[in-house]
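Here's a quick briefing to read with the model open beside you. It goes topic by topic, with the cut-offs spelled out as they come up.

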Amino acid sequence: MLEAEVEDAENLAMAHWPIPVDLFVSKKHPSLPRGLLAFADSSGNILFRLNSLSHHPKKTLRILDSAGNPLISIYRHHDGSWQGFKGDDGQKDLIFQVQRVSNKFARTELEVFLVAENHRGELTCDFKVKGCHFQRSCTIYNRDSIVAQTSLMHKLRQIYVSRRKIQLTMFPSFVDPALIVAVVVIFLVNGPKKSKILDKLPVSI
């Protein structure tokens with residue numbers, strides 16, 4: 001199983017995939033301790049998971065691959081902005097910065113700036129994230145193209161939808177999937193206080 005997970009992660013980490021890829025996001029994956037966020041494929045193989053460094057003085061999250069290797073470390077600042085660094089929790093190799101544009105109950109907007117694309121002159125936004133934290137739904141745009149989307153897991157004839165499991169669809173692009181996962185994580189933990197209070201309630205459809 002582990003070899004299959006590693007192979008799937010390596011395949012997904014390729015620069016480009018020809019068809020949309022669905023990952024399923026949950027804190028109840030049987031292979032992980034309860035409460036750890038996992039990104040798994042349709043077969044249940046974990047491709048990415050989230051690890052929180054509670055001992056770190058800053059709000060620090062790490063995106064790990066299926067083998068537990070750190071891919072991206074994410075730091076939250078007091079002004080609501082985020083920074084993503086390559087690998088472990090050392091703040092050396094900055095990959096991206098995220099700024100919060102809007103954070104209302106029904107609307108959350110983020111702007112993502114890639115350091116490699118903004119090494120000269122004024123920062124320009126590379127990706128925009130627009131969505132509703134309460135619905136766990138967002139769309140990640142690269143200019144006019146949709147890079148990825150999240151949504152709740154709706155079932156036929158289901159009246160209430162739990163927020164405990166989310167579907168992440170990544171569309172064909174050359175964007176690093178680990179970067180997409182990191183941006184989705186920031187969106188999920190960046191909701192307004194009112195939304196967080198209601199997080200445990202199901203959504204009526």
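Helices (H or I, at least four residues) and strands (E, at least two) are DSSP runs, numbered from the N terminus. Keep in mind that this is a predicted model, so local features need pLDDT of at least 70 and side-chain atom pairs count only at pLDDT 80 or more, while totals for chains, interfaces and linings use all residues. Residues are numbered from 1 along each chain as its sequence is written, and side-chain values use heavy atoms, with hydrogens and water left out.

**Loop between β9 and β10**

- Q135 sits in the loop between β9 and β10.
- Q135 is partly exposed, with a relative accessible area of 30%; buried means under 20%, exposed over 50%, and partly exposed in between (1.4 Å probe, protein chains only).
- The C-alpha atoms of Q135 and S151 are separated by 7.4 Å, and the two residues are 16 apart along the chain.
- R136 is found in the loop between β9 (127-132) and β10 (137-142).
- R136 counts as buried, at 10% relative accessibility.

**Positive phi values**

- Most residues other than glycine have a negative phi.
- R136 is not a glycine, yet has a positive phi of about 60°.
- R143 also isn't a glycine, and its phi is positive, near 60°.
- You'll find R143 in the loop between β10 and β11 (145-152).
- R143 is exposed, with a relative accessible area of 68%.

**Salt bridges**

- The structure holds two salt bridges, the term meaning a side-chain nitrogen of Lys or Arg within 4 Å of a carboxyl oxygen of Asp or Glu.
- One of them pairs the side chains of D88 and R62, at 2.6 Å from N to O.
- That pair links distant parts of the chain, 26 residues apart: D88 is in the loop between β6 (82-86) and β7 (94-103), and R62 is in strand β4 (residues 59-65).
- D88 is partly exposed at 37% relative accessible area, whereas R62 counts as buried at 15%.
- R107 forms a salt bridge with E109, where the closest N and O atoms are 3.3 Å apart.
- R107 is partly exposed, with a relative accessible area of 36%.

**Positive surface patch**

- K27, K28, R34 and R164 gather in a patch of positive charge on the surface.
- Patches are made of residues with over 30% relative accessible area and no salt bridge, with like charges joined within 9 Å and nonpolar side chains (Val, Leu, Ile, Met, Phe, Trp, Tyr) within 5 Å.
- Lys and Arg count as positive and Asp and Glu as negative, while His and the chain ends are not counted.
- The place of a charge is taken as NZ of Lys, CZ of Arg, CG of Asp or CD of Glu.
- Accessible areas come from the Shrake-Rupley method with a 1.4 Å probe, and for residues only the protein chains shown count as cover.
- K28 belongs to the loop between β1 (21-26) and β2 (38-40).
- K28 is partly exposed, with a relative accessible area of 47%.

**Strand β8**

- F113 is part of strand β8 (residues 108-114).
- F113 is buried, with a relative accessible area of 5%.
- F113 and Q97 are 16 residues apart along the chain, and their C-alpha atoms are separated by 5.1 Å.

**Annotated segment**

- UniProt lists residues 170-190 as "transmembrane region", in an unreviewed entry.
- UniProt positions are given in the numbering used here, feature names are shortened, and annotations may be inferred rather than shown by experiment.
- In the model, residues 170-190 are 62% helix and 5% strand, with the end C-alpha atoms 20 Å apart.
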